[in-house]
Amino acid sequence: MKVIIRDTKKEGSIWAAHHIAAAIKAKAEKTDKPFVLGLPTGSTPLDVYAELVRMYEAGEISFKNVITFNMDEYVGLPESHPESYHSFMHKNLFDKVDVPAGNIHILNGNAPDLAKECEDYEKAIVAAGGIDLFLGVYPSEEQKAYGEDGPLAFNEPFSSLNSRTRVMTLTQDTLEVNSRFFDNDVNKVPKQAMSVGVATVCGAKEVLVLAFGGKKAKAVKDAIEGPVSHYVTLSALQLHENGVVVLDEPAAGELKVNSYRYFKAVEAAENK
């Protein structure tokens, strides 16, 4: 696992956006096959998306040969609803860059057969050649606003580390956290969501996870320095040969001093 530490969320987000753009360009130099990109929602990746849009507008990157797969979507919420993840992604990224509409994949929370929709999503990832880079947020804002534990997408603690895309019933904590997007009315929040699994994310060739803010420091410490555990789902990234976690200084606040120094030294050596 590689850990990148920047002073601020903005700086970490810009690093992540440029890393994604560089990965897209690197593949394009080797093959004409599409770059397959996994994407999250929430406030955390907004600065990443804004920087990717800026780079596109400046002619620094194109998404014409990029295929995307999103992490999750609510069940039963119309795609046109302002809080659907379809709406979020189009508003903040897809409508602002040149990714072809046919290359965009987001789970259909209104599919007549949700189990089949999940199976087909996994098959579509395989058919695309597998995900080259999966961008994630940790802990997922959809579940724990204050980062007491370590969910990834809608994978609550105790989700199997071998889990794949599936329908999940949301916990009361999740419903209460998400009610702020639904007029603070917990009864308006969809009770289920569809989510990629931990194994779906970790099956990507590279996993790049963002964790910003002091409230996430304990969960970050557990994921990076603790044991691999289904209680802290991101700890599975310890087993990934190409996993990267991007932190700001507050999120790195509970790492051991020697861990912090090690990650800083590794990055400095790589940049020489």
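In this predicted model, helix H2, residues 46-57, packs against helix H3, residues 85-92, at an angle of about 40°. Their axes are 10 Å apart. That angle makes H2 oblique to H3. Who makes the contact? On H2, Leu 46, Tyr 49 and Val 53; on H3, Phe 88, Met 89 and Asn 92. Five of those residues are nonpolar, one is polar and none is charged.

Now the cores. The largest nonpolar core has 38 residues. Tyr 138, Val 220, Ile 224, Leu 234 and Leu 247 touch the most other members. Elements supplying at least two residues each include strand E1, helix H4 and helix H7.

On to charges. The count is twelve salt bridges. Take Glu 267 and Arg 6: their closest N and O atoms are 2.5 Å apart. Glu 267 sits in helix H8 and Arg 6 in strand E1, 261 residues apart. Buried or exposed? Both Glu 267 and Arg 6 are buried.

Compare a local pair. Asp 120 and Lys 116 form a salt bridge at 2.7 Å, N to O. They are four residues apart in helix H4, so about one helical turn separates them. Asp 120 is partly exposed, at 31% relative accessible area. Lys 116 is partly exposed too, at 45%.

Last pair: Glu 122 and Arg 164, 3.6 Å from N to O. Glu 122 is in helix H4, while Arg 164 is in the loop between strands E6 and E7, 42 residues apart. Glu 122 is buried at 14%, whereas Arg 164 is partly exposed at 44%.

How values were computed. Residues are numbered from 1 along each chain as its sequence is written. This is a predicted model: local features need pLDDT of at least 70, side-chain atom pairs count only at pLDDT 80 or more; totals for chains, interfaces and linings use all residues. Side-chain values use heavy atoms; hydrogens and water are left out. Axes are lines fitted to C-alpha atoms, for helices over the stretch in contact, and angles run from 0 to 180 degrees between N-to-C directions. Angles under 35 degrees count as roughly parallel, over 145 as roughly antiparallel, 65 to 115 as roughly perpendicular and the rest as oblique. Contact means heavy atoms within 4.5 Å. Ala, Val, Leu, Ile, Met, Phe, Trp, Tyr, Cys and Pro count as nonpolar, Asp, Glu, Lys and Arg as charged, and the others, Gly among them, as polar. A nonpolar core is a set of buried Ala, Val, Leu, Ile, Met, Phe, Trp, Tyr and Cys residues joined through side-chain atoms within 4.5 Å. Buried means under 20% relative accessible area, exposed over 50%, partly exposed in between (1.4 Å probe, protein chains only). A salt bridge is a side-chain nitrogen of Lys or Arg within 4 Å of a carboxyl oxygen of Asp or Glu.
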